[in-house]
Amino acid sequence: MTTTIPVAGGAFAPYEVVVGRGLLKAAGAEVAALKPTRAFIVSDETVAAIHGETVRASLAAEGLATGLVTVPAGEASKSFEQLEAVLDRLLAEGLDRKSMVVALGGGVVGDLAGLAAALFMRGIDFVQVPTTLLAQVDSSVGGKTAIDTPRGKNLIGAFHQPRRVLADIEALATLPMRQVRSGWAEVLKHGLICDAAFFDWLGNEGAAGAQGDPDALERAVIRSVEIKAQIVGEDEKEAGRRALLNLGHTFGHALEAELAFGETLTHGEAVALGCAMAFRYSAQQGLCAASEAERAEAGIRAAGLPTRLSDVEHTFAADALIARMAGDKKAEGGRLTLILARAVGDVFTDKNVDAEAVRAFLIEEGAA
Ligand SMILES: NC(=O)c1ccc[n+]([C@@H]2O[C@H](COP(=O)([O-])OP(=O)(O)OC[C@H]3O[C@@H](n4cnc5c(N)ncnc54)[C@H](O)[C@@H]3O)[C@@H](O)[C@H]2O)c1
Ligand SMILES: [Zn+2]
């Protein structure tokens with residue numbers, strides 16, 4: 001049984017996200033149906049060792065000429081160096097304009113392979129085969145691709161939508177539990193943005209998904225992709241509504257940056273904590289009821305994710321966090337842009353948040 005979710009909007013060719021079990025084995029038939037001249041897998045060393053042969057054999061069984069290039073696992077592979085290495089390999093293998101890139105892995109592989117596909121011969125098709133929960137519910141859908149530079153993350157990239165996304169729930173069985181929980185944070189975020197009933201389910205009956213239960217995971221991935229697909233369909237280039245997907249990310253990114261993007265907090269853990277903070281700040285400002293901030297926190301805690309600065313072994317400085325939140329924009333006139341909440345399932349963008357008020361809030365939260 002698979003579920004198919006359409007992604008359609010203004011400027012891009014519509015495509016579908018398929019969620020289900022056994023999709024790695026079915027990748028060959030799914031890709032062959034798109035009629036590429038050949039298909040080439042881009043993966044990382046960890047994922048290729050676990051799932052590479054399943055996908056390669058499936059492509060070969062459909063008579064597709066295929067091959068595989070790997071990069072080291074980890075964020076450091078979102079680099080010019082690895083982008084060049086992947087592109088050079090595609091050229092060396094003689095891929096043409098009708099060839100297809102198959103991105104097999106987490107968000108790192110999806111972002112890197114997607115950008116390589118966007119650039120190769122001015123753009124060839126690619127299929128996303130996301131193997132982390134984060135990639136299934138977030139990075140594989142929406143067409144953002146990028147690499148990092150020493151000056152910042154995701155600064156070099158392109159919009160390049162995939163032709164199809166194959167999200168195999170069974171692929172998540174080998175994912176370390178901390179990675180599952182981290183992806184769960186983005187699932188919770190989607191509920192917090194626009195589906196209160198889904199969020200409450202995630203915190204109660206669905207909570208087993210955060211521990212890897214495949215049935216709960218499948219339902220969570222399906223609803224999460226529906227929400228992301230709808231938002232991306234309305235606003236591909238982030239002119240408006242797509243910015244809501246940044247809920248928890250301004251606080252979260254500041255925490256990650258202060259920790260030098262180390263092991264203390266994963267991205268998902270930082271986002272979970274950032275979502276709880278965005279709700280508490282909203283409650284403190286009288287924008288939402290205190291009970292809604294408590295409801296948000298309870299759902300996040302049910303997954304074993306952090307919701308308080310005191311959950312992190314680090315003393316954050318309020319001024320440093322504010323500087324990170326303001327980013328390069330130097331907090332124009334002491335103003336920040338934040339996604340704030342009226343209730344669980346009802347959030348909005350505020351481009352005129354008083355940095356001083358946030359600073360006072362951070363100190364109340366335990367920052368120095
Ligand atoms: N394009 C977008 O819209 C978008 C959105 C969100 C995040 N991102 C990007 O996604 C990246 C993070 O993605 P991620 O969290 O998937 O990280 P990741 O790709 O680094 O994967 C995490 C780790 O899990 C391993 N792994 C992957 N699948 C596995 C499996 N099935 N079994 C065992 N191990 C497996 C990987 O080798 C890696 O070590 C960041 O670079 C971020 O910028 C992009
Ligand atoms: Zn995120």
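Colleague: Fine. What kind of model is this?

Modeller: This is a predicted model: local features need pLDDT of at least 70, and side-chain atom pairs count only at pLDDT 80 or more, while totals for chains, interfaces and linings use all residues. Residues are numbered from 1 along each chain as its sequence is written, chains are lettered from A and ligands numbered from 1 in the order in which they are written, and side-chain values use heavy atoms, with hydrogens and water left out.

Colleague: Which residues come nearest to ligand 1?

Modeller: Glu75, Gly107, Thr131, Thr132 and Thr174, out of the 25 residues around ligand 1.

Colleague: And by class, what is in that shell?

Modeller: Eight nonpolar, 10 polar and seven charged residues. Nonpolar is Ala, Val, Leu, Ile, Met, Phe, Trp, Tyr, Cys and Pro; charged is Asp, Glu, Lys and Arg; the others, Gly among them, are polar.

Colleague: How many Å separate the polar side-chain atom of Thr132 from an oxygen atom of the ligand?

Modeller: The distance is 2.6 Å. I count a polar contact as a pair of N or O atoms within 3.5 Å; within protein, one must be able to donate a hydrogen and the other to accept it, and residues adjacent in sequence count only if both atoms are side-chain atoms.

Colleague: What about backbone atoms, say Lys144 and Ala171?

Modeller: A polar backbone atom of Lys144 sits 2.8 Å from a nitrogen atom of ligand 1. For Ala171, a backbone N or O atom is 2.9 Å from a nitrogen atom of ligand 1.

Colleague: How much of the ligand does the protein cover?

Modeller: 85% of the 870 Å² of accessible area that ligand 1 has on its own. Areas come from the Shrake-Rupley method with a 1.4 Å probe; for residues, only the protein chains shown count as cover.

Colleague: Which elements give two or more residues to the shell?

Modeller: Helix 2 (45-61), helix 4 (107-119) and helix 5 (133-139). Helix 2 gives the largest share, four residues. Helices (H or I, at least four residues) and strands (E, at least two) are DSSP runs, numbered from the N terminus.

Colleague: Switching to the metal. Which are the protein donors of the zinc ion?

Modeller: Glu186 through OE, His249 through NE2 and His267 through NE2, lying 2.0 to 2.1 Å from the zinc ion (ligand 2). Donors are N, O and S atoms within 2.8 Å of the metal (3.2 Å for Na, K and Ca); water is not among the atoms, so sites may look incomplete.

Colleague: How are the donor residues spaced in sequence?

Modeller: As E-x62-H-x17-H. His249 lies in helix 9 and His267 in helix 10, so the pair ties together parts that are 18 residues apart in sequence.

Colleague: Is His249 buried or exposed?

Modeller: His249 is buried, at 17% relative accessible area. His267 is partly exposed, at 30%. Buried means under 20% relative accessible area, exposed over 50%, partly exposed in between (1.4 Å probe, protein chains only).

Colleague: Why is helix 9 largely enclosed?

Modeller: Seven of the 10 residues of helix 9 (residues 249-258) are buried, so the rest of the structure largely encloses it. Those buried residues are His249, Phe251, Gly252, Ala254, Leu255, Glu256 and Ala257.

Colleague: What covers them?

Modeller: The cover includes helix 6 (177-194), helix 10 (267-284), helix 12 (318-326), strand 10 (335-343) and helix 13 (355-364). Contact here means heavy atoms within 4.5 Å.

Colleague: And what follows helix 9?

Modeller: Ala260, with a positive phi near 55°. Most residues other than glycine have a negative phi. Ala260 is in the loop between helix 9 and helix 10, and counts as exposed at 61% relative accessibility. Glu238 also has a positive phi, about 60°, although it is not a glycine. Glu238 is in the loop between helix 8 and helix 9.

Colleague: Where is His314?

Modeller: In the loop between helix 11 (290-301) and helix 12. Leaving aside neighbours within four places in sequence, His314 contacts Glu258 and Leu259. His314 and Leu259 are 55 residues apart in sequence but 8.2 Å apart in space, C-alpha to C-alpha.

Colleague: Last one: Ser140, buried or exposed?

Modeller: Buried, with a relative accessible area of 1%. Ser140 is in the loop between helix 5 and strand 7 (144-149). A polar atom of the Ser140 side chain lies 2.7 Å from the backbone oxygen of Ala135.

Terms used
A residue is near a molecule or strand if one of its heavy atoms lies within 4 Å of it.
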